[in-house]
Amino acid sequence: RSSIPNQKNKSTHYNKEISKMSSACKTFETLFDSPRTLGETMWGGAFTYEEDEAKGYDMWFFDADNNPNNAVADRLGLNSTVDQCHLVNDKDRNKDAPGPESLTAAECLPWRKNSCCSHEKTSPSVATLRDLYGDKYRWDRCGELSPACERLFIFEACFYECEPIAGLYRKYGTVNSSVQHAAYNASNDDHNEWELHKMPIKASVWKEFYAACRHDKFCVGEKDKSFFGCAREIPLAPTLATAGPSSPLTSTDSSKDTGLIAGLAVVSSLLVLALVAFAVYFCCCNNRKQRAVTEHSENQPHN
């Protein structure tokens, strides 16, 4: 008996979370007023918008033998020969030192010759990459993204997980980090080994991101407008795909479908009425014509 009220409270709380999620889901162009705002706020302070393309890093490339980010690091006075993976999220998934990967069917193929992530554990599929940090960090919490938009999220995820140069921009660095914003202190609860800080990304990357995703829906934190903020503020709400047909997350789309069906029904009814009216009119005209022919025949003189 005592579990019934608790279950009811859980259900009420869950529905509130879904309602919050529904309100939070907005289009990218509503959440971010420009490509720069998107790049510099969506992942907290991890990245910056670099207008000088020669000084900005790329999140994707095609030649595994020639990572363009190494040349950028050299131009910025950093040592592109990285022999240690500084970003640590999951010690089972992240490597101590960059090296080649043998799994050629993985999503993060540009880094197969030199990677800080285990492709087998990080990116054997899009779903694995998307779900690395749990449901509340999925990029499709507001519903399925357009293919062009999701492709950019895959690029960013691979870049963060696998790019050796990214570790040089760790927020709380070590003595081996080239860009040390603050010395890492393991005894300080505010410090971590995974956070990026102000890594310059080409402006063209953010322009492409904005153009591809501007009409897709996404959720960010109300306070900091970041991807992580949504996870902190609405941790329990499911993704649109798992919310269920009667939830507020799907009600908007359902209402559109219902309205469309109702509209089609009205149009169909009007068409039927029009056809009936035409049939009646046609019958009346035909009867009148027939009557006129008969009367004319009867009035003719007979020989």
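Author: Let's start with a term: helices are DSSP runs of H or I with at least four residues, numbered from the N terminus. Keep in mind that this is a predicted model.

Reader: Thanks! How many cavities of 30 Å³ or more does a search of the whole structure find?

Author: Two. A cavity is a set of points where a 1.4 Å probe fits but cannot get out.

Reader: Which residues lie nearest the centre of the largest cavity?

Author: Look for Cys85, Leu87, Cys116, Tyr160 and Glu161. They belong to a lining of 13 residues.

Reader: And which helix supplies the largest share of that lining in the largest cavity?

Author: That is helix 7, with three residues. Helix 7 spans 147-162, and both this helix and strand 3 (94-99) give at least two residues to the lining of the largest cavity.

Reader: How does the lining of the largest cavity divide by class?

Author: Six residues are nonpolar, four are polar and three are charged.

Reader: Now the second largest cavity: which residues line it?

Author: You will find Lys136, Arg138, Trp139, Arg141, Cys142, Phe218, Cys219, Phe227, Cys230 and Ala231 there. Helix 9, residues 227-233, gives the most to this lining of the second largest cavity, with three residues.

Reader: What classes make up the lining of the second largest cavity?

Author: Seven residues are nonpolar and three are charged, with no polar residues.

Terms used. Residues are numbered from 1 along each chain as its sequence is written. This is a predicted model: local features need pLDDT of at least 70, side-chain atom pairs count only at pLDDT 80 or more; totals for chains, interfaces and linings use all residues. Side-chain values use heavy atoms; hydrogens and water are left out. On a 1 Å grid over the protein atoms alone, a cavity is a set of points where a 1.4 Å probe fits but cannot get out, and a pocket is an open set with protein on both sides within 12 Å along at least five of seven lines; lining residues have an atom within 4 Å of a point. Grid points are joined across faces, edges and corners, and a volume is the space filled by probe spheres set on the points. Ala, Val, Leu, Ile, Met, Phe, Trp, Tyr, Cys and Pro count as nonpolar, Asp, Glu, Lys and Arg as charged, and the others, Gly among them, as polar.
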